[in-house]
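Me: I would like to go through the terms used for this model and see what each one rests on.

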Amino acid sequence: MPQAQALPLVSIVTPAYNQAEYLEAAMKSVLEQDYPALEYLVIDDGSRDETLAVAQSVAAAYPGRVQVLRQDNAGQAATLNRGWAMARGDILAYLSSDDLLCPGAVRTMVEAL
């Protein structure tokens with residue numbers, strides 16, 4: 001694959017609401033991708049469990065690789081729209097907080113596009 005500067009930036013948004021038990025695995029599946037031009041935003045949508053703490057803990061383990069935000073509960077569509085409005089990527093995507101990306105998924109998607 002060419003150097004990161006020549007690759008399109010991919011922005012992935014993960015909205016999370018009361019998903020503490022699943023969020024760590026979801027975030028790691030994004031952060032461990034082999035595609036270097038990746039922007040990752042995780043937005044806690046007013047969770048009442050430990051979702052925000054989990055997101056912050058994972059972010060601390062991957063400094064500078066993920067932006068974690070919190071907002072009052074607005075629902076999934078509003079949360080995704082907020083994330084995409086903040087995103088700088090050429091390609092926008094999302095991953096639900098209880099889903100996983102397979103290794104190489106982002107690279108494969110970019111190559112297909």
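Me: Why is W84 called partly exposed?

Reply: Its relative accessible area is 27%. Buried means under 20%, exposed over 50%, and partly exposed in between, with a 1.4 Å probe and protein chains only. W84 therefore counts as partly exposed. Y94, with a relative accessible area of 44%, is partly exposed as well.

Me: What kind of model is this, and how are residues numbered?

Reply: This is a predicted model, in which local features need pLDDT of at least 70, side-chain atom pairs count only at pLDDT 80 or more, and totals for chains, interfaces and linings use all residues. Residues are numbered from 1 along each chain as its sequence is written, and side-chain values use heavy atoms, leaving out hydrogens and water.

Me: What makes W84 and Y94 an aromatic pair, and why is the pair called edge-to-face?

Reply: Rings of Phe, Tyr and Trp (its six-membered ring) pair if their centres lie within 6.5 Å; planes under 30 degrees apart count as stacked, over 60 as edge-to-face and the rest as tilted. The centres of W84 and Y94 are 6.3 Å apart and their planes 70 degrees, so the pair is edge-to-face. The count comes to one aromatic pair.

Me: Which parts does the pair tie together?

Reply: W84 lies in helix α3 (residues 76-86) and Y94 in strand β4 (residues 91-94), so the pair links parts 10 residues apart in sequence. Helices (H or I, at least four residues) and strands (E, at least two) are DSSP runs, numbered from the N terminus. The protein chain has four helices and four strands, in the order β-α-β-α-β-α-β-α.
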